[in-house]
Amino acid sequence: MKGLANKHYVTRIFLVLAVLLGLALVVRRLLLPEGFGETGFYRAQAPDEEAQREVVHQGKQVCARCHEEQFLMHEHDVHRTVECEVCHGKGAEHVKARAKSLPREQGYIFKELEQSTCLKCHERIYARPKLFPTVRVDEHYALVGVQESAVKCQECHNPHKPLFLAKPAAEARLHPLIHQCSECHEEKAVETKARPSDHIVVFECRDCHGALASDHSQRKHASLRCTACHQVHKESEFASRIYKNSSNDFCLMCHLKKAFKAEGKIPLLESFEAHIDDVSMTDEDKGKRCVDCHLNEAIHDVKTLPKVSSQKVDK
């Protein structure tokens, strides 16, 4: 026990710790930027310095000054919450160049978007919500008969009006969130299996629209989910907006004939105008839309729509 009587080693340890602490405080003082901590956990000069940085983004309201037609289309459809510069790139130099009437190559901004631009948001990956419209390019192109993998999305989809909505997107009705079995179950065709009695309550299309879902499964579009046409956009953790679209342009995204689409995969039209002229029996027929003739045949029987007549379907 003789060693315990000698306390000098304890003193040495505390001296070493004190020296290290002092060195740490000195180093911190030397490395700490001027003004740090005066007004918060940042440099006091930082806000003013950031305010002096050159502005590189403009916002869609600035774009609207020259591109009113595209802006109105954009605000009407589902991309209304996406700023123009998300797709077209930074706009400050573009605005300056146009204001000074400089050559077009100065202040260049992207117009023709590459496939990769769209896939930054719309490529299917596990981290993205199932309700968000995403695709696997090979599967999507195989579905509609596209034969070349390098075909740009813009060949069929218009970024300014992705769904060709007849009514403004902001006016679409609120709808309970729709969940897919595949959100939890990876097994294919799980939707066709009976749900256990103690299964958690979910909102699938068939929960409220059983007759519609059953009828749809017998139609030509049975391979497509309801949400392929009735796009659903999440608004909150409890509700979404659902779009009931009857635009001919929406149908023609798949059914318009193009050089890169394979013949015989799905019905293709040279043009809607030529088709309607070919099948019209009366002048009234010429005003019809795709859904007026093909809803019952391809999608679902209009009789299964609750409390809505075939003449007043809000499609």
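A residue is termed buried under 20% relative accessible area, exposed over 50%, and partly exposed in between (1.4 Å probe, protein chains only). The structure is a predicted model, in which local features need pLDDT of at least 70 and side-chain atom pairs count only at pLDDT 80 or more, whereas totals for chains, interfaces and linings use all residues. Residues are numbered from 1 along each chain as its sequence is written, and side-chain values use heavy atoms, with hydrogens and water left out.

Salt bridges are considered first. With a salt bridge defined as a side-chain nitrogen of Lys or Arg within 4 Å of a carboxyl oxygen of Asp or Glu, a search of the whole structure finds 14. Side chains of opposite charge can pair when their charged atoms come close. One of these pairs is formed by K96 and E54, whose closest N and O atoms are 2.9 Å apart. Distant parts of the chain are linked by this pair, as K96 belongs to helix α6 and E54 to the loop between α2 (46–51) and α3, 42 residues apart. Helices here are DSSP runs of H or I with at least four residues and strands are runs of E with at least two, both numbered from the N terminus. K96 is partly exposed, its relative accessible area being 38%, while E54 is exposed at 54%. A network of salt bridges links E54, E93 and K96.

A salt bridge also joins the side chains of K152 and E114, at 3.6 Å from N to O. Because K152 lies in the loop between α8 (137–144) and β1 (174–176) and E114 in the loop between α6 and α7 (115–122), the pair ties together parts that are 38 residues apart in sequence. Both partners are partly exposed: the relative accessibility of K152 is 27%, and that of E114 is 43%. R124 and E139 form a further salt bridge, with 3.9 Å between the closest N and O atoms. This pair connects the loop between α7 and α8, where R124 is located, with helix α8, which holds E139, across 15 residues. R124 is partly exposed at a relative accessible area of 35%, as is E139 at 44%.

The pocket analysis used a 1 Å grid over the protein atoms alone; a pocket is an open set of points with protein on both sides within 12 Å along at least five of seven lines, in contrast to a cavity, where a 1.4 Å probe fits but cannot get out, and lining residues have an atom within 4 Å of a point. Grid points are joined across faces, edges and corners, and a volume is the space filled by probe spheres set on the points. The second largest pocket contains about 730 Å³ of space. Its lining comprises 28 residues, of which C63, H67, C84, H88 and H160 lie nearest the centre. At least two lining residues come from each of α3 (60–63), α4 (68–76), α5 (84–88) and α6 (92–99). Helix α6 contributes the most, with four residues. The lining of this pocket is made up of 13 nonpolar, ten polar and five charged residues, where Ala, Val, Leu, Ile, Met, Phe, Trp, Tyr, Cys and Pro count as nonpolar, Asp, Glu, Lys and Arg as charged, and the others, Gly among them, as polar.

Strands are taken to pair if DSSP finds at least two bridges between them. Three bridges connect β1 with β3 (residues 239–242) in the antiparallel sense, and P176 stands opposite A239 of β3. Antiparallel pairing over three bridges also relates β2 to β3, with V232 opposite I242 of β3. The hairpin between β2 and β3 runs through four residues. Strand β3 is covered on both faces, as A239 and R241 on one side and S240 and I242 on the other are all buried.

Two further residues were examined individually. F164, in the loop between α8 and β1, has a phi near 50°, a positive value in a residue other than glycine. Most residues other than glycine have a negative phi, and most peptide bonds are trans. F164 is buried, with a relative accessible area of 14%. T227, in helix α11 (residues 226–229), is likewise buried at 16% relative accessibility. T227 and L131 are separated by 96 residues in sequence and by 8.4 Å in space, C-alpha to C-alpha.
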